[in-house]
Amino acid sequence: MPAMNTHERALAEPAAAHATGSHSGLPPRSAGAPASPCTERWNRTVTADLRSDHAGETGAVQIYRGVLAVARDPAVRRFAEHHLATEQQHLDVIDRYLRPQDRSRLLPAWRVAGWLTGALPALFGPRMVYATIASVETFVDTHYAEQLHYLDAHLQEDARYPDLRRALNACREDEVHHRDEALAAGPAQGWLVRVWTWVVATGSKQAVVLARRV
Ligand SMILES: [Fe+2]
Ligand SMILES: [Fe+2]
């Protein structure tokens, strides 16, 4: 039975959230209720950051779908199924803060890129998948940490700051957990892995630059 992720832990502590009058992690969505589209307006930097988060989490969901389309190893499939559920939660979270009209216009491309980032290494076996996830999540940890740094420096006067910060930090903690799980699984070594993970890390950086704009 996999350990609870940050969101699941947050959702398991509704009393604490209630007692403080604020969310102790990510606000739960009412069961069965359709989410109303976000109407929040943020400054240009936060909007760009959230757009890149939304693009990244869209890609992350597709990474694990790509893994599951190819991998047959039971352990790697469990790993991918569990992570896929968490990434879908992250996407739902970002949707709560980003207006639909502020999403990346390149979402179809991010979906394809994400799927390939999961499916291609899965052709080479579980250890290549773990190396890929370790590389992606190392990058995503830094990506979220930089945003939190910006929020701490520029948004503390905004009443929405604690809620947004908590949500993004909960995502970041899950990504760190994903990275550590991948590292603990014993990722592959060798020149092919080094080349591939360089491509993944560089591609992730370039994708963020682009997704922050369009
Ligand atoms: Fe994520
Ligand atoms: Fe992740």
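Guide: In this predicted model, helix 3 (residues 44-70) packs against helix 8 (residues 191-213) at an angle of about 125 degrees, and their axes are 7 Å apart. The two helices are therefore oblique to each other. The crossing of helix 3 past helix 8 is right-handed. Helix 3 makes this contact through A48, D49, R51, S52 and A55, and helix 8 through A207, V208, A211 and R212. By class, five of the contact residues are nonpolar, one is polar and three are charged.

The nonpolar cores come next. The largest one has 36 residues, of which V67, V129 and A167 touch the most other members. Two or more residues are given to this core by each of helix 3, helix 4 (74-97), helix 6, helix 7 (161-184) and helix 8. Helix 6 supplies the largest share, eleven residues. V67, leaving out residues up to four places away in sequence, touches V76, A80, G118, A119, A122 and V129. Another core, of five residues, lies apart from the largest one and includes W110, A207, V208 and A211. Of these, A207, V208 and A211 also belong to the helix 8 side of the contact with helix 3.

A further point concerns P126, which lies in helix 6 (residues 126-154). P126 counts as buried because it has 23 C-beta neighbours inside 10 Å. Beyond its neighbours within four places in sequence, P126 is in contact with A71, D73, A75 and V76. P126 and A71 are 55 residues apart in sequence, yet their C-alpha atoms are 7.5 Å apart in space.

Key
Residues are numbered from 1 along each chain as its sequence is written. Chains are lettered from A and ligands numbered from 1 in the order in which they are written. This is a predicted model: local features need pLDDT of at least 70, side-chain atom pairs count only at pLDDT 80 or more; totals for chains, interfaces and linings use all residues. Axes are lines fitted to C-alpha atoms, for helices over the stretch in contact, and angles run from 0 to 180 degrees between N-to-C directions. Helices (H or I, at least four residues) and strands (E, at least two) are DSSP runs, numbered from the N terminus. Angles under 35 degrees count as roughly parallel, over 145 as roughly antiparallel, 65 to 115 as roughly perpendicular and the rest as oblique. A crossing is left-handed if the near helix is turned anticlockwise from the far one by less than a right angle, and right-handed if clockwise. Two residues are in contact if their C-beta atoms, placed from the backbone, lie within 7 Å. Ala, Val, Leu, Ile, Met, Phe, Trp, Tyr, Cys and Pro count as nonpolar, Asp, Glu, Lys and Arg as charged, and the others, Gly among them, as polar. A residue is buried if 20 or more other C-beta atoms lie within 10 Å of its own, exposed if 12 or fewer, and partly exposed in between; C-beta atoms are placed from the backbone. A nonpolar core is a set of buried Ala, Val, Leu, Ile, Met, Phe, Trp, Tyr and Cys residues joined through C-beta atoms within 7 Å.
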